[in-house]
Amino acid sequence: MATLAQHLGLSPASISRVLTGAPAATSIPKATQDRIFAAAKRLNYRPNVLARSLRRGWSMTIGVLVPEVSEGYTTLVLSGIEQGLVRDGYCYFLLSHHHHEEMIARAQTMFAERSVDGLIAVDTPLHHAPQLPAITVSCPVMHEGITNVVLNEKRAAELAIDHLAGLGHKRVAVIKGQAFSSGTESRWQAIRHAAERAHLVLEPKLVVQLEGDQVGHEPGYFATQRLLASNARFTALFAFNDIAAIGAVRALREAGLRVPQDVSVVGFDDVQSAAFQNPGLTTVRQPLRTMGILAAEAMVRRIKEQVPDPARQILVDPELIVRESTCPPPLRGSR
């Protein structure tokens with residue numbers, strides 16, 4: 001800045017106003033502004049972000065805490081968070097906790113030590129109120145001063161169950177999420193409510209749970225194999241997420257069953273590959289990218305206003321995406 005000022009014969013304050021786009025720069029003639037930008041480019045000037053951060057008291061970085069980075073839910077939410085933060089000039093540190101409580105606590109300490117301005121926690125149970133300004137996405141525990149961006153799970157379950165019931169399915173199997181997943185219990189309760197509303201009986205032997213902490217299609221594949229091994233009859237299957245549903249389709253095919261002619265399959269999330277499966281996967285779409293953007297916007301607003309919001313929820317609505325993996329049940333004989 002001092003070198004530019006000396007080179008141009010202008011005050012450092014004037015140069016700072018122009019290069020930072022401050023409102024006071026409008027009083028500086030355009031010709032002078034053009035000279036400043038040209039000289040900054042020629043001399044390869046770059047602002048000292050650390051110095052600016054110290055002066056403002058903001059680091060312009062956010063800590064983002066997720067269970068893991070893999071295809072599906074987390075990646076799509078992250079894309080929205082990134083879009084929202086970068087638009088406002090922020091960058092972020094990313095840590096995965098893999099569902100280990102000690103890592104969740106340690107990550108918050110690591111973020112604080114690196115002077116982040118706030119924390120966005122995705123699908124992460126925060127059992128204690130964080131010391132940093134925080135926004136959560138799909139978190140089960142509410143804390144004072146934290147905004148939680150959540151899906152309308154009740155409506156999501158109704159969309160899937162009503163779709164299957166409307167096709168004529170009466171024996172519907174359900175794959176629940178892993179025990180450690182923050183959305184498992186709320187989604188299961190929503191499915192039970194939707195089934196009762198649609199006059200469907202969810203038989204206990206037709207309900208299985210994803211097991212293990214492996215990321216990928218295998219948990220859904222093995223859960224469906226357990227369903228098939230029980231010899232319980234079902235004509236439709238509603239999976240906890242699309243990744244599990246894709247694994248389920250493979251298990252059904254290996255057992256000699258056709259999807260959807262013998263068993264209809266419904267997923268959840270609408271990951272990018274869902275439309276390109278064979279058959280295309282019918283699923284309940286979560287607006288995951290939008291949820292990430294909403295979290296980023298709430299985070300930036302929280303930092304700028306320096307006043308915590310009361311605990312509140314931003315409720316987003318799902319959408320049923322009907323593709324080729326569902327159809328009416330077979331007239332006779334099925335699982």
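This report covers helix packing, selected loop and strand residues, and backbone geometry in one predicted model.

## Basis of the values

The model is predicted: local features need pLDDT of at least 70, side-chain atom pairs count only at pLDDT 80 or more, and totals for chains, interfaces and linings use all residues. Residues are numbered from 1 along each chain as its sequence is written, and side-chain values use heavy atoms, with hydrogens and water left out.

Helices (H or I, at least four residues) and strands (E, at least two) are DSSP runs, numbered from the N terminus. Axes are lines fitted to C-alpha atoms, for helices over the stretch in contact, and angles run from 0 to 180 degrees between N-to-C directions.

## Helices α5 and α11

Helix α5 spans residues 73-87 and helix α11 residues 288-305. Their axes come within 7 Å and cross at roughly 40 degrees. The two helices are therefore oblique to each other. Angles under 35 degrees count as roughly parallel, over 145 as roughly antiparallel, 65 to 115 as roughly perpendicular and the rest as oblique.

From α5, the contact (heavy atoms within 4.5 Å) uses Y73, L76, V77, S79, G80, I81, Q83, G84, L85 and R87. From α11 it uses L288, R289, M291, G292, I293, A296, E297 and V300. These residues divide into 10 nonpolar, five polar and three charged. Here Ala, Val, Leu, Ile, Met, Phe, Trp, Tyr, Cys and Pro count as nonpolar, Asp, Glu, Lys and Arg as charged, and the others, Gly among them, as polar.

## Helix α11 on its own

The 18 residues of α11 should span 26 Å at 1.5 Å a residue. The end C-alpha atoms of α11 are 26 Å apart, which agrees. The expected span is 1.5 Å times one less than the number of residues.

Buried residues of α11 are L288, M291, G292, I293, A295, A296, A298, M299, V300, R302 and I303. Buried means under 20% relative accessible area, exposed over 50%, partly exposed in between (1.4 Å probe, protein chains only). An α-helix has 3.6 residues a turn, so residues three or four places apart point the same way. After α11 comes Q306, with a positive phi near 60 degrees.

## Two further helix pairs

Helix α7 (residues 153-167) and helix α8 (residues 184-197) have axes that come within 8 Å and cross at roughly 50 degrees. That makes α7 oblique to α8. The crossing is right-handed. E153, K154, A157, E158, I161 and D162 of α7 meet S186, R187, A190, I191, H193, A194, A195 and R197 of α8. The contact residues divide into six nonpolar, two polar and six charged.

The axes of α9 and α10 come within 7 Å, crossing at roughly 45 degrees. This pair is therefore oblique, and its crossing is right-handed. G220, Y221, T224, Q225 and L228 in α9 meet A244, G247, A248, R250, A251, L252 and E254 in α10. Six of these residues are nonpolar, four polar and two charged.

E211 sits in the loop between β7 (207-209) and α9 (218-229). E211 is exposed, with a relative accessible area of 52%. Its C-alpha atom is separated by 5.7 Å from that of Q178, 33 residues apart along the chain. Leaving aside neighbours within four places in sequence, E211 contacts Q178, P219 and R226.

A134 belongs to strand β4 (residues 134-137). At 2% relative accessibility, A134 is buried. A134 and A121 lie 13 residues apart in sequence and 7.5 Å apart, C-alpha to C-alpha. Beyond neighbours within four places in sequence, A134 is in contact with L119, G145, I146, T147 and M299. M299 is one of the buried residues of α11.

## Backbone geometry in loops

A cis peptide bond joins V259 and P260, with omega about 15 degrees. P260 lies in the loop between α10 (242-254) and β9 (264-269). Another cis bond joins N278 and P279, with omega about 5 degrees. P279 is in the loop between β9 and β10 (282-285).

M60 is not a glycine, yet its phi is positive, about 60 degrees. M60 lies in the loop between α4 (49-56) and β1 (61-66) and is buried at 13% relative accessibility. N231 also has a positive phi, near 60 degrees. Its place is the loop between α9 and β8 (236-239). N231 is exposed, with a relative accessible area of 60%.

Notes. A crossing is left-handed if the near helix is turned anticlockwise from the far one by less than a right angle, and right-handed if clockwise.
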